Amino acid sequence: MPELPEVETVVRTLAPHLKGQRIARAEFRSKFVTPGDRKALAARLAGREIVSIERRGKFIWIRLDQGSLAVHLGMTGRLLFNGVEGPHTHGVFELNDALLIYDDPRQFGRIEWSAGGATPKRIAVLGPEPLIIPAADFIGQLRARTTKVKPLLLNQTFLAGLGNIYVDEALFRAAIHPNTSAKKISRPKAQVLHQAIVEILKVAIDHRGSSISDYVDADGQRGGFQSLHQAYGREGEPCVRCQTPIKKILVAQRGTHFCPRCQRR
DNA sequence: CTTAATGTTCCCCA
DNA sequence: TTGGGGAACATTAA
């Protein structure tokens, strides 16, 4: 569910609720979501104050008065403020006067603790933020790589935050075939791609992300950007530019949507 | 019953 | 060393 715009929306909806809250008690129930000693993690969190919450790539970084939590929502993770516990609730945070629930049917998400003020390792290894990296840097780094452009944009150590939906959307808008070798993309084309990524992410954030199946923000509200998708999930439907049916192929084991006429290799 | 799903990581091979 | 392919993780829905 969660790529950069969705995670950003979760953080924005969660931040005002968590400000100044203290974790009275915590409980974790999944060995996948919370690897290691779950009881020890819960004990460590009891009594901690939430200092800040921010997004980095697809991670939610919650800083505490001692240590911090790195939360990744995986495919189906949800952080729900005053949510109701269900069969897929794997994390419970009892706050001063509220309940924060972590739900995740597939359990691909992770909640991990880091000591002190250190940046959690998983966050430290991330590539630049798409909305911050200067175009010139992006262009140079893109053209230095030999990989196909789609898997490269999905690589979080290259660029942090894009997932399957927004890569397909960005490549569609930049009219680049997903199998194009990154180094073969011309400078002007790379510039267009950078611009497309920035525009897509900004508009998607404005629309509170894409709700494909079950994504909701921390207040349980769905996003609206899915109705503005031009490639993702539009297999067989006419291209908005040339009416050619959108094609779906497999690239790097991911379903990939593109216009065979607008996006040529 | 089979397949695919917003993600990441790890192993194997070229 | 780099990159690609495939599998794995767990669950649900079509």
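**Reading salt bridges and a helix crossing**

Biologist: Which residue forms a salt bridge with E27, and how far apart are the closest N and O atoms?

Modeller: Side chains of opposite charge can pair when their charged atoms come close. Here E27 pairs with R29 in a salt bridge, and the closest N and O atoms are 3.0 Å apart. Keep in mind that this is a predicted model.

Biologist: Which residues are joined into one network by salt bridges that share partners?

Modeller: The network holds E8, R12, R55, R56 and E129.

Biologist: How many salt bridges does the count come to?

Modeller: The rule takes a side-chain nitrogen of Lys or Arg within 4 Å of a carboxyl oxygen of Asp or Glu. By this rule there are 17 salt bridges.

Biologist: Which partner does E49 have in a salt bridge?

Modeller: Look at R22. The closest N and O atoms of E49 and R22 are 3.3 Å apart.

Biologist: What is the relative accessibility of E49, and of R22?

Modeller: E49 has 29% and counts as partly exposed. R22 has 36% and counts as partly exposed.

Biologist: Where does D65 lie, and how does its side chain meet R22?

Modeller: The side chains of R22 and D65 meet in a salt bridge, at 4.0 Å from N to O. D65 lies in the loop between β3 (59-64) and β4 (68-72), and R22 in the loop between α1 and β1. This pair links distant parts of the chain, 43 residues apart. D65 is partly exposed, with a relative accessible area of 36%.

Biologist: Is R48 buried or exposed?

Modeller: The cut-off for buried is under 20%. R48 has 14% relative accessibility, so R48 counts as buried. R48 is found in the loop between α2 and β2. Set aside its neighbours within four places in sequence, and R48 is in contact with Q21, R22, I23, L64, D65 and Q66.

Biologist: Is K121 buried or exposed?

Modeller: K121 has a relative accessible area of 69%, so K121 is exposed. K121 lies in helix α3 (residues 121-124).

Biologist: At what angle do the axes of α4 and α7 cross?

Modeller: Two packed helices are described by the angle between their axes and the distance between the axes. The axes of helix α4 (residues 135-143) and helix α7 (residues 187-206) cross at roughly 120° and come within 9 Å. That angle makes α4 oblique to α7. The crossing of α4 past α7 is right-handed.

Biologist: Which residues of α4 and α7 meet?

Modeller: From α4, take A135, F138, I139, L142 and R143. They meet R187, A190, Q191, L193, H194 and I197 in α7. The residues of this contact of α4 with α7 divide into seven nonpolar, two polar and two charged.

Technical notes:
Residues are numbered from 1 along each chain as its sequence is written. Chains are lettered from A and ligands numbered from 1 in the order in which they are written. This is a predicted model: local features need pLDDT of at least 70, side-chain atom pairs count only at pLDDT 80 or more; totals for chains, interfaces and linings use all residues. Side-chain values use heavy atoms; hydrogens and water are left out. Axes are lines fitted to C-alpha atoms, for helices over the stretch in contact, and angles run from 0 to 180 degrees between N-to-C directions. Helices (H or I, at least four residues) and strands (E, at least two) are DSSP runs, numbered from the N terminus. Angles under 35 degrees count as roughly parallel, over 145 as roughly antiparallel, 65 to 115 as roughly perpendicular and the rest as oblique. A crossing is left-handed if the near helix is turned anticlockwise from the far one by less than a right angle, and right-handed if clockwise. Contact means heavy atoms within 4.5 Å. Ala, Val, Leu, Ile, Met, Phe, Trp, Tyr, Cys and Pro count as nonpolar, Asp, Glu, Lys and Arg as charged, and the others, Gly among them, as polar. Buried means under 20% relative accessible area, exposed over 50%, partly exposed in between (1.4 Å probe, protein chains only).
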